[in-house]
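Hello,

Here is the structure I promised to pass on to you. Have a look at it first, and then read on for what turned up in it.

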Amino acid sequence: MNATVPPTPGLARLRPSWVAAVLIVAATYFYFLIFAEFALLELAGNIAPGADRLRLIMLGLGAGGVGGAMIAAWPLSALPGPALLAWSLRGCALSAALAMGASTFVTLGAAGFAVGLSLGALTVAVAGSLRDATAGRRLGLCIGAGTGLAYALCNVPAIFHATPATQALLAALVTGAASFLPRHMSMTDAETSPPNENSHGSVARWIVVLLALVWMDSAVFFIGQHTPDLRASTWGTTNTLLANAAIHLGIAIIAGALLDRGWRQAVVGGAVLALSAASLVLSGTMPVALPAGWFYTAGVSLYSTVLVEFPARTGRRTIAAAVFAIAGWGGSALGIGMAQDLARVPVGFIAITLAAVG
């Protein structure tokens, strides 16, 4: 399952298009992490408390995400990449502003659907544009740098501990500002991806692998966030957050460099081992001296880079839509659902995930 990536001489020069691509990846992940996955749900808990209502908000978010991905891949397939990126980013900013102003369950539900719709289109637009925007040079490093930067920013104590409304405002400002970056992205035709990268069998295998990783990550994150002792040990202090930020940034950059060498299988292997260790430590099944957060942080940075790199390497919006609809939105829903029902990650599920990646 390793991807064969043509060697690229030297480190990519900091071309404006390459830098713009890094910042757009960072803005996309920042919006998802600090707002769609975190602040939006906190706002929902304040406006419409109760597990049933929260599930409905999440269902609307996920449905919007899948719908947005499909729209970007098919009805809007002829829209140039920079235009789709710019308007998707503006849609994300507007949706966050709508969520901030929502005062009822109905209005927040509508805003949540709009968030998913915009974000679903954005993720497909990003993955479909990166190969040409970077001219195929150090694509993995571009994605790793953007991913690591977003995760690091989300772990800055002032941002992590901000109120949900402030986090929503930050997400809106970041995506709004990023909407002016696509004009600096050149859409030069890059080298075609290896033939086996676009085959139905290869796409299906990688979707299954990424589905398992997102599923496990979502479950571990939900459990950690909703267990006070675990949350305190993983994100509880300023030093812990700063360490998380440094690990996220460093590991994501390393992952990107490895992906440019064609070592995708090794990267996802490291991700599943790290996430498995985190879940086992959190459950007390595998007591070790190292904090579970270190394993979790490393695993998330590794697989999050691959989640964008695989569809971006193909350069096809249809593949990106399938990856994000099934592995991204579907895996997130399944992981949170498993955590809500079981309050743990079963050892059997970990074994299945290891087998899928292997």
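Contact here means heavy atoms within 4.5 Å. Please keep in mind as you read that this is a predicted model.

With that in hand, let me start with D217, which is found in helix α8, residues 200-225. Leaving aside residues up to four places away in sequence, D217 touches L275, Y296, V300 and Y303. Is D217 buried or exposed? Its relative accessibility is 6%, and buried means under 20%, so D217 counts as buried.

Next, a pair of helices. Helix α1 (residues 16-47) and helix α5 (residues 139-154) pack at an angle of about 40 degrees, and their axes are 7 Å apart. The two helices are therefore oblique to each other, and α1 passes α5 in a right-handed crossing. On the α1 side, the contact is made by W18, A21, V22, L23, V25, A26, Y29, F30, L33 and I34. On the α5 side, L141, C142, I143, A145, G146, T147, L149, A150, Y151, L153 and C154 take part. What kinds of residues make up this contact of α1 with α5? There are 19 nonpolar and two polar residues, and no charged ones.

Finally, a word on confidence. The chain has a mean pLDDT of 88, with 90% of its residues at 70 or more. Over residues 6-12, pLDDT stays under 50. For that stretch, the model has ten contacts beyond four places in sequence.

Terms used:
Residues numbered from 1 in each chain as written. Predicted model: local features only at pLDDT ≥ 70, side-chain atom pairs only at ≥ 80, totals over all residues. Heavy atoms only, no water. pLDDT = per-residue confidence, 0-100. Axes fitted to C-alpha atoms, helices over the stretch in contact; angles between N-to-C directions. Helix = DSSP H or I, 4+ residues; strand = E, 2+ residues; numbered from the N terminus. Parallel < 35°, antiparallel > 145°, perpendicular 65-115°, else oblique. Left-handed = near helix turned anticlockwise from the far one by under 90°. Nonpolar A, V, L, I, M, F, W, Y, C, P; charged D, E, K, R; others polar. Buried < 20%, exposed > 50% of the residue type's maximum accessible area, 1.4 Å probe, protein only.
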